Amino acid sequence: GEPAGLSVLVVAAGSRVVPESTLEKRRIMVVAMVTPARLVHGGDAFANYRRRAMRSRRPAIAGVQPMSNPRVVAVVAATARRASLASPFGNARGASSRAASRTRTRGAASLDAASVVPDADPPKRKHIHPPAVYVSEPGEEVLMQFGESMRVEELPAGTRVAYPGVRANAPSDPKTMRAMVEHALDNPIGQPPLREKIRRLLKAKSRPKILFAFDDVSIPLPPMVSPDIRSVILEEAERRCVEEGVDPRDVKFVCSIALHRYIREEEFRHVCGAKLFRKYYGKGQMTNWNAVDREFSVEIGVTSEGEKVRVANEFAEADLMVYANVNYVAMDGGYKSYATGLVHYDTLAYNHDSSTLKRTNSLFDPPRSALHKSIVRIGKVMQKHTDVFHVETVLDDNRFPWYLSWVQIAWRRMGFLRQLVAKISCFFLKFLPNWLRLWIFWGPLVRGPFGLVQVVAGETEAVHEETLRANYEDSVVDVDGQADVLVLAPTCIGPYTKDTYLNPLLVNTYALGYYYNMYVGGVPLLRQGGVMVVVNPMPYKWSSPTHDAYRAIFEEAVGPLGPERFEELQARFATDDVLNDIYRNGLGPAAVHGFYMYTWAAHGMEKVGKVFVVGATDDRGPNALGWEKCDSVVEAVAAARAWLDNPDATATFWQCPPVGYARVAVAGGEKERARIAAESECPKAKAKRKALQREAEKEGEKKKAEENAKRAMLARAEEAKRSAEARAKEAKASVAKKKIRRSDAVGLNASDAAKAQAERATAGALANARMTAPRGLASRREERDMWLGAVTVPPAHLDGSMPGDAGFDPLGLGVDPKRLAWYQEAELMHGRWAMAAVVGVVAAEAAGAAPWWSAGGAASYALPANALLAIQFAVMGVLELKRVNGFIATGESGAWSSFPFDPLGLQKDATRVAEVKHGRLGMLAFAGIVAQAVVYRVGPLLALRDHVEDPFGCNLVSNVAHIGQTFEAVASKM
């Protein structure tokens, strides 16, 4: 008589087998339902069976006597393949009210029936406020976030509004959430229960080390009301470890902050719970992870892509890590929890760079994210090194207390009273000082009464698969077609603005990073090359010292260098001890973190054609980012349409909060997607791509011409060599014939003549084999400094391709490319010798040695001077001959047989130009040193001292004016 397809099972309470007699004696009935789908409150089969089990006086189960007031301890719904995964409370979003548990057996996942299933049949709706996509009417207004405030803005008529909706509340009372956590710990997926893992570990090792790691306070937002779900997970997991025999001294708690700000003492108390805080914090067993200083980390392996995995010492030393995750967006969780949070900066750099982020097609769609693919590779190396028991939670949309719940409601659904409250709030917020608004949004009045949608424990990948499914469920908004203009209003309640102001760098991060990426399916809501309208005041306020590094990066890297070159300064900031001390002292993020904030928007910056900002109160932020200011959304959308040269361009407003994901429908499949992407390519990206193509073509043509010239030169050299050898043989043969008829003396003269002729032939061959053009830079400089400034008219043969080319050749000495190549080599060699000489002269004088012009003769050597000169001439002659021959053959400077000679890889355009400039300064300096020595018999340092002591009496002008007297005085001393 039972419903078809259902099985009635008696299961264990907690981890111990409970006999049927005990169950009957305690009047407990345990029901497990195995169905083809997950439990959905309100399902007919479940509702009918529950009513029968709870209300019938007849035996509901064969062999079990009727029970008065029976108590259902667990209702499990899942497929037979995944029965262990199911939670009796896993997805009860249809509940109209939050059920309260009245009893709980310590150590067992047991609840009153009222806390598991509502007494009345629950409603079937999945949302408190369903998602919607609608078109605005003329003059219609919407509520928008506005930094540390809010404002009501009018939308242009016909604007599409995409509203993600608010899901129905999940259980939030502490007893229910604790029971859900206990069930997950005792029924993991892909791994044994936590207690069993601990028992096995204790059998293998007498004192195993247990690490409890957890997410920092950047999530959830706003902060969760107490108890935080992480504290529940940590308390239950720690209790199991201690009860099974783990020594508390071998337990550590580490916050996986990576490069975020250290969490504070009161935040540890909130996240870990007061009980664990009192037990471990004072003993130094509850700490933050330092991802900057290498002494706190160790390398444990390398990924298949060559990424070196450097992790926290605590992780590397642990035998088991239990990770407590809190999750309400699809970007977080999985391997990202610890393969980002517990790794060193060196490892983070592999995937937190602009190149990776540009290939990350939505941060909230991990399978399409290059960032997440790298994180998965790193996480697998970590998981192989240390056993990981992963616990992930999914929170509902109940982010604000009841008196602020209207913030997440679509404006046209609010009703008169809520709209009045919203307008009054916006009005008064305008007149409050920033610090007071900051306190309101981050103070104790704004705490999220989040409910627990789902908690799953076990192996990381299997757990995260369920987490993603729950995150996406009922949070995806289907939108028909991409937008030309996207309107966004970033909130100040973000992961990097806790207790701080929303500065321009973070506005860019939130708008072009997080908000732009809120899509799934590979197609963003805004088309490539489209326009983004950001509603934000963008005050130039930087909370100090928390955001000192952000400000320095924004002013030194972001503004001056832009998205193409800002990473050039990343290495410098990464090792800046002054800014990193802010991180070490728990006052702000690491110095390099600001680069990641700008990088986080790389995908959006690459695809978005133009950004307009509405309501900006300071020009510095928008100007540095290249954004244009507008006073209203209507004005900004009109400016966007003008910029697009399309008066009919479609505009869409994406409301957030609440959080959701856009799934853009594109007709025609993948071919249509590719066509749309090609036709709507961002103008900036298109222009950049074409410029790079032109540069690549020019570079290819240049390399091809150089290779052809080099091959022709080598061919001529080889031909000249063969001709010279042939002529030499003929000369020898002629000498041999003449020897028969002439005397020995005459023969010797003929032999000398043949040698001379061969030498002349060889010299001619070398002359023919010389370089046909001087060496140039990798890319010709169109704009360069001229020796007479803007009035300089450079000769045609000085086109900016040579390093150090300032257009100076008044005598036309370089008209012949062959001579110009030799002049270039000669200048480099003289410059190098001059630089070495200047350094030697100054160093010798500073060391107190004899004057440089007499040092050689004053010193005594092991060999006579003549012998030394002979050796020097011989050695230098061989080296110079090798250099000249190498230059003739390759056209490059070098030494011995290495052409070019560049063991450190410094032969770049910038260093080649610098070498020429320093060489010229060196020659000029050496000429001055020689002049000083000849005229005054003093070295450069002594001359500098005289000038410093009497700058007006001892300088170039005064010395030239009295040059005659100087010569007489010097001559009298000789």
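## A lysine over a ring

Let's start with a charge and a ring: Lys541 lies over the face of Tyr501, with 5.9 Å to the ring centre. A second example involves Lys610, which sits over the face of Phe612, also at 5.9 Å from the ring centre. Please keep in mind throughout that this is a predicted model.

What is the strand order of the open sheet? Its seven strands follow the order 4-7-22-18-19-20-21, and the pairing is mixed. Strand 4 (132-135) and strand 21 (628-630) are the edge strands; each has a single partner strand, so one side of each lacks a neighbour in the sheet. From one strand to the next, the twist averages 25 degrees.

How many bridges join strand 19 to strand 20? There are five, and the two strands, residues 526-535 and residues 610-614, run parallel.

Helix 24 (residues 633-644) lies across strand 18, strand 19, strand 20, strand 21 and strand 22 (651-654). Relative to strand 19, helix 24 runs at about 155 degrees.

## Aromatic pairs

To describe a pair of aromatic rings, one gives the distance of the centres and the angle of the planes. The count for this model comes to 25 aromatic pairs. In one of them, Trp402 and Tyr403 have ring centres 5.3 Å apart and planes at 85 degrees; with an angle over 60 degrees, the pair is therefore edge-to-face. Are these two residues buried or exposed? Trp402 has 73% relative accessibility and so counts as exposed, while Tyr403, at 36%, counts as partly exposed.

Another edge-to-face pair is made by Tyr510 and Tyr514, at 6.0 Å centre to centre and with 70 degrees between the planes. Both of these tyrosines lie in helix 17, four residues apart, which is about one turn of the helix. Tyr510 and Tyr514 are both buried. Elsewhere, Phe214, Phe268, Phe277 and Tyr281 form one aromatic cluster.

Pro222 is found in the loop between strand 9 (210-214) and helix 6 (229-243). Pro227 also lies in the loop between strand 9 and helix 6.

Asp499 is not a glycine, yet it has a positive phi of about 65 degrees. Its place is in the loop between strand 18 and helix 17. With 30% relative accessibility, Asp499 counts as partly exposed.

Met538 also has a positive phi without being a glycine, with a value near 45 degrees. This methionine is in the loop between strand 19 and helix 18 (548-565). How accessible is Met538, and is it buried or exposed? At 0% relative accessibility, Met538 counts as buried.

The unreviewed UniProt entry lists Arg832 under "binding site". In the model, Arg832 is part of helix 28 (residues 817-846) and counts as partly exposed, with 30% relative accessibility. Setting aside neighbours within four places in sequence, Arg832 is in contact with Ser893 and Glu915.

Glu299 belongs to strand 12 (residues 297-302). With a relative accessible area of 40%, Glu299 is partly exposed. Which residues does Glu299 contact, leaving aside neighbours within four places in sequence? They are Lys308, Val309 and Arg310. As for Val343, this residue is 44 residues from Glu299 in sequence and 9.5 Å away in space, C-alpha to C-alpha.

How values were computed:
Residues numbered from 1 in each chain as written. Predicted model: local features only at pLDDT ≥ 70, side-chain atom pairs only at ≥ 80, totals over all residues. Heavy atoms only, no water. Pairing = 2+ DSSP bridges. Axes fitted to C-alpha atoms, helices over the stretch in contact; angles between N-to-C directions. Contact = heavy atoms within 4.5 Å. Phe/Tyr/Trp six-rings, centres within 6.5 Å; stacked < 30°, edge-to-face > 60°. Buried < 20%, exposed > 50% of the residue type's maximum accessible area, 1.4 Å probe, protein only. Lys NZ or Arg CZ within 6 Å of the ring centre and 35° of its normal. UniProt positions renumbered as here; feature names shortened; annotations may be inferred.
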